[in-house]
Each structure stands twice: as structure tokens, then as C-alpha cells.
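Subject: Structure handover and findings

Hello,

Here is the structure we discussed. Please look it over before reading the notes.

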Amino acid sequence: MAIGIKVMKRPGGQASYLRATLKGMALTFSHLWRPKVTMQYPEEKSSKDWTLSPRWRGTHRMLTDEQGRAKCVACGLCPQICPANCIKLVPGEDEHGNRYPLIYEIDEFRCVFCGYCQEVCPEEAIHVGVHYENAEYSRDRFVYDLERLCAQTHPVSTLWDPSDPKGE
Amino acid sequence: MTFFLVSSVIKIIVVFTVIMVGVALLTLAERRICAWMQDRLGPNRVGPQGLLQPAADGLKNLLKEETLPAQADKVLFLLAPAMSFVPALLTFAVIPFATPLPTPWGDVEMVVANLPVGFLYILAFGSLGVYGIVLAGWASNNKYSLLGGLRASAQMISYEIAMGMSTVAVLLLAGNVTLSEVVARQAQSIWFVFPLSLAYFLFIVAAFAETNRLPFDLPEAEGELIAGYHTEYSAMKFSMFYIAEYSNMVTASALMTTLFFGGWDIPFTHWDNTPPWSPLKTLLTLGMFSLKVIGFLFVYIWVRWTLPRFRYDQLMALGWKVMLPLALAYVTVIATAIWILHEQLGWTYGTRFALALFGLNVLLAIPLFFVLDRGRIVAGSVAEERA
């Protein structure tokens with residue numbers, strides 16, 4: 001043989017096309033009646049076999065305190081660590097000396113969903129969410145402002161720590 | 001004469017409509033059954049259980065842009081879909097699908113054209129179908145399409161011989177080429193599938209090849225030839241090839257039903273095939289016929305989603321080295337058997353006759369399926385290395 005083609009040694013004695021064909025047809029016929037795996041998306045969003053992983057990192061959510069104010073203290077760590085530079089933060093200070101964000105915007109198109117913002121946040125304010133339905137009618141709707149981030153209700157990610165794989 | 005004309009026109013319109021609707025539903029059935037076999041659901045969005053999906057597809061195909069390749073032969077390119085579409089529909093004309101329907105003006109035979117040469121007509125028009133495919137492949141002026149067309153012509157010519165040979169046995173037993181006579185002969189006693197089981201086996205394999213269905217869909221061969229002869233076709237012209245393929249399937253199934261499974265005959269009873277005719281009988285036999293045809297169509301779909309495609313040389317080897325000699329040998333054996341039973345022993349076709357032939361078929365099937373089929377690996381395309 002010209003080039004190194006591997007020729008399989010086949011068990012010629014037992015081979016029977018008819019038997020193989022009938023076997024195959026019996027198999028496909030039995031599959032006709034098996035439960036189907038298709039999830040009919042808009043009606044069925046999760047099943048007992050399939051849910052989003054709690055580690056999933058989706059669009060952000062800002063947690064709020066009891067008064068409904070954002071927990072954010074405008075420390076500036078998240079825009080600092082953000083590798084995509086998608087967080088815009090302008091800090092402000094009230095008369096008691098408490099810092100709060102005057103402007104807090106996340107451009108979800110720039111975001112790479114690394115989850116560093118959640119990891120770095122000292123107040124556990126900003127979180128990446130366990131959420132995937134983000135469709136909008138225009139591009140500018142993807143810059144989430146503070147009000148919108150606070151209004152999100154979806155569950156938030158439990159980030160996975162490689163040094164603590166079981167989350168203890 | 002007027003009665004003949006009017007009844008014929010009505011029959012043509014009804015049969016045409018039923019086949020077109022049937023073909024449309026068949027495309028849906030194919031997609032859904034394929035999906036079920038792959039543990040999916042298939043198209044179920046348009047209408048209840050997806051029943052309106054064919055209508056949506058048809059509408060889409062009507063509204064899509066017609067493309068015409070710059071280098072294509074315009075006339076033949078436009079002619080080709082019609083050339084494959086028309087013979088596919090014409091073949092059905094001679095197939096009897098129910099008992100005659102009594103009307104105040106006389107009995108209407110439930111066959112569009114009760115040709116005395118019915119079977120020869122089917123063979124003739126069946127082979128015309130290849131022209132559409134070859135012309136489509138050639139007129140597209142595209143390498144892959146041309147290859148598809150060439151494969152189609154070689155394949156259909158090769159398997160036509162085996163198909164014709166396998167049906168010779170039926171004609172020997174029926175003593176007639178008129179399909180309504182073939183059905184009547186089977187209705188009187190036993191369906192030909194029993195005395196001629198091996199002929200049926202050969203016929204079904206050849207019919208798969210003739211209709212270009214998997215495992216013999218080499219003219220299309222998505223992976224190798226990017227849909228082969230209809231690569232360059234779009235919109236309704238593309239659809240026409242599809243309709244032709246599916247109508248060919250319907251015709252082939254109807255032919256299997258007629259030649260081997262007693263046509264419209266309801267098994268185990270004789271009241272349905274003896275006059276006086278009544279509308280109820282027509283309806284019931286029509287239902288029986290449809291049931292059998294649908295059964296075969298299911299087998300078509302079932303086989304398609306089970307078996308992988310043959311390679312081209314394997315296809316030719318099977319056609320010329322296996323099917324043709326087998327069919328020839330079988331005709332010889334069965335003709336001798338019929339001659340002995342009929343001329344020497346003086347039996348006429350009936351249960352005894354059929355059972356004797358069935359016994360012979362079983363005897364022949366044992367060497368065929370347990371010796372010939374064993375230990376034969378389809379060879380690779382390169383020569384075996386000498387050890």
C-alpha cells in the first residue's frame with residue numbers, strides 16, 4: 001500500500017449484513033417510543049435534569065440593604081479590577097460621610113463575565129447573576145444603570161473558588 | 001363515452017390531489033419519525049402536532065428567490081424538475097386502489113387508467129424518472145451536480161434490471177401484466193408475498209435504489225456531493241425534486257402493495273372482492289390499500305434513518321454481482337417450479353399451489369441468508385495488502 005493506511009482485520013466469519021440491518025432497525029424502532037430529550041424552550045425552561053449551574057455567571061445584580069438602598073459604598077475596587085473596563089463608577093458622599101455611588105453603570109456588552117467584580121466587592125453588593133434571558137430591542141438598553149441593577153431579582157452566582165472546590 | 005371522460009377527469013383530479021397532499025404529509029412524517037428515532041420531538045409548532053408545517057414549507061418555497069446559475073443551460077435547467085416530477089406522478093395512473101364504485105350511470109373502476117399493459121407502463125415511466133435527475137445534474141454546469149446525475153443514471157439503470165427480473169416471477173404467477181388482474185388473482189387466494197417471498201425481498205431492495213432513498217441515495221449524498229443533482233436549484237424547482245422523490249416513494253409503495261400484498265384486498269375475507277359492488281366496499285378496500293401503502297412508506301422512512309449510505313463501488317457491486325444474478329436464478333427456479341406444478345401436476349393457483357411455492361422459497365432463503373450473507377465484508381476501495 002502506498003501510504004500507511006491501516007487496514008482493519010474484520011471478523012469476516014460472523015459478519016452478516018442482514019442480521020446487522022435487522023438489529024439496527026430494531027434499535028431505531030425501539031427509540032420511537034423512548035422519552036424525548038427536547039426541551040420546548042419558551043414553555044419549558046428547566047426540568048429535573050437540567051437547571052442553570054449555581055456557578056453560572058450571567059448579567060449583574062446589585063444587592064440592596066433593608067431600606068432598599070444599594071449596598072455599594074463606591075470603594076472603586078470593581079472598576080479597578082474589571083479586565084474589560086465595563087464598570088463606570090462616580091462616587092459621592094452624603095452629610096454623614098457615607099460614600100455611595102452617584103453613577104454606577106455596567107456595559108453588559110463589554111463585560112466578559114469573569115465575576116471578578118463580585119469576588120473583589122468588600123460589601124457583597126455587586127453580583128453576577130444566574131440568568132440568561134437578556135434580550136432587548138436596542139443596544140443602549142444593555143448599559144445597566146444602578147436603578148436597573150438593584151431592580152434585578154434573579155438568583156446570584158456562587159462563585160467557584162479553585163482553592164476550595166467544594167465551597168467549604 | 002361522456003361517462004368515461006367525466007369519470008376519468010374526476011379520478012385524475014382526485015388522485016392527483018390525494019397524492020400531492022399525501023406527499024406533503026409524508027415530508028412531515030419523515031421529519032417527525034426521524035426526530036422520534038433520534039429521541040427528539042421534530043417540527044410540532046405549526047398547527048396541531050406540526051400538521052401545517054408542509055403548508056408553511058410550501059409557502060416558503062413559493063416565495064423564495066429563483067436562482068439561475070450563469071453557466072447553466074437555461075432550457076434544460078428549467079425542464080429538469082418537470083422531467084422528474086411528471087413521470088413520478090404518471091406512474092400512479094395504472095395502480096388499482098379500490099373495488100369498482102357503482103354509480104347510477106355504471107360501475108367506475110377505481111384506477112385512473114386500467115391499461116392492459118399496466119406493469120410495462122410502470123417500468124417504462126419508472127425509467128423516465130432518471131432523465132430529470134441526469135438533466136438537472138448536467139444542466140447545472142456544476143461538477144458535483146454532474147457527478148450526482150451520473151451516479152443516478154448508473155444506479156437507476158443497474159437496479160431497474162434487478163427490479164424487472166424480480167417482478168417477472170409475479171407476472172408468471174399472475175399470468176397477466178394488467179395490475180387489476182394481478183390484484184384479482186391475489187384476492188382470490190393468497191397474496192404473492194408468500195409464494196414469492198424472495199422476489200419481494202429483491203424487489204424492495206431494488207425499489208429503494210430506484211427511488212434514490214437511503215441506503216442508496218448516492219445521487220444526493222449530502223456529505224460528498226452537497227445534494228448532488230439539485231445543488232443549484234432553489235425555491236419551487238427544488239421543491240419539485242422533493243415532490244418527485246416522495247411521489248416515487250408513494251408509487252413504489254403502492255406497487256409493492258399491488259404486486260405482493262394483494263392491492264386493495266382485505267385479508268381473510270372474500271366478500272370484499274366479489275360483486276355486487278357497493279360504495280362501502282369501495283371505501284373499505286380503499287382504506288385497506290392506504291393502510292398498506294402507509295405501512296410501506298413507514299418502512300422507507302424507518303430504513304432511511306437506520307442504515308448508512310453505500311459507497312459507489314459497493315452499490316454497483318451489489319447491483320450487478322448480487323442482485324442481478326440472484327434475480328435471474330430466482331426467475332429460473334420459480335419458472336421451473338411453476339411449470340412443474342402447473343403443467344406436470346395440473347394444479348391451478350390456490351392455497352396448495354402457493355404453499356408449495358412458499359416452501360420452495362423457504363428452502364431457497366436458507367442458503368441465501370445463512371450462507372451467502374455470512375462472511376462477506378464489503379471490500380475497501382483499495383486492494384488488500386498481500387500478507
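This is a predicted model: local features need pLDDT of at least 70, side-chain atom pairs count only at pLDDT 80 or more; totals for chains, interfaces and linings use all residues.

Residues are numbered from 1 along each chain as its sequence is written, and chains are lettered from A and ligands numbered from 1 in the order in which they are written.

Chain A

Chain A has 4 helices and 5 strands; helices (H or I, at least four residues) and strands (E, at least two) are DSSP runs, numbered from the N terminus. Along the sequence the pattern is α-β-α-β-β-α-β-β-α. The radius of gyration of chain A is 27 Å, well over the 15 Å that the globule rule gives for 168 residues, so chain A is more spread out than a compact globule. That radius is taken over C-alpha atoms, and the rule is 2.2 Å times the number of residues to the power 0.38. Along the principal axes, the C-alpha atoms of chain A fill a box of roughly 90 × 45 × 40 Å.

Of the 168 residues of chain A, 20% count as buried. A residue is buried if 20 or more other C-beta atoms lie within 10 Å of its own, exposed if 12 or fewer, and partly exposed in between, with C-beta atoms placed from the backbone. Among contacts in chain A between residues at least 6 apart in sequence, 72% join residues at least 24 apart; a contact requires C-beta atoms, placed from the backbone, within 7 Å.

An open antiparallel sheet in chain A has 3 strands in the order E2-E3-E5, where pairing takes at least two DSSP bridges. E2 (87-93) and E5 (143-144) stand at the edges with a single partner strand each, so one side of each has no neighbour in the sheet. E3 (residues 99-107) pairs with E5 over 2 bridges, and A:Ile106 has A:Tyr144 as its bridge partner in E5.

Chain B

Chain B is divided into domain 1 (15-62) and domain 2 (64-331), with bounds from an automatic or database domain assignment. The C-alpha centres of these two domains lie 21 Å apart. In chain B, 15 residues of domain 1 are in contact with 16 residues of domain 2. On the domain 1 side, H1 (2-37) and H2 (53-63) of chain B each give two or more residues, and H1 gives the largest share, 12 residues.

B:Gly263 is in the loop between H9 and H10 (279-304) of chain B. B:Gly263 is buried, with 29 other C-beta atoms within 10 Å. Not counting residues up to four places away in sequence, B:Gly263 touches B:Pro96, B:Val183, B:Gln186, B:Thr257, B:Thr258 and B:Phe289. B:Ala184 is 79 residues from B:Gly263 in sequence and 8.7 Å away in space, C-alpha to C-alpha.

Nonpolar cores

A nonpolar core is a set of buried Ala, Val, Leu, Ile, Met, Phe, Trp, Tyr and Cys residues joined through C-beta atoms within 7 Å. The largest has 100 residues, of which B:Leu196, B:Leu202 and B:Ala206 touch the most other members. Its largest share, 13 residues, comes from H9 (residues 235-260) of chain B. Domain 1 and domain 2 of chain B each supply at least three residues to this core. A second, separate core of 19 residues includes A:Cys82, A:Cys86, A:Cys111 and A:Ala125.

Regards

Notes: Two residues are in contact if their C-beta atoms, placed from the backbone, lie within 7 Å.
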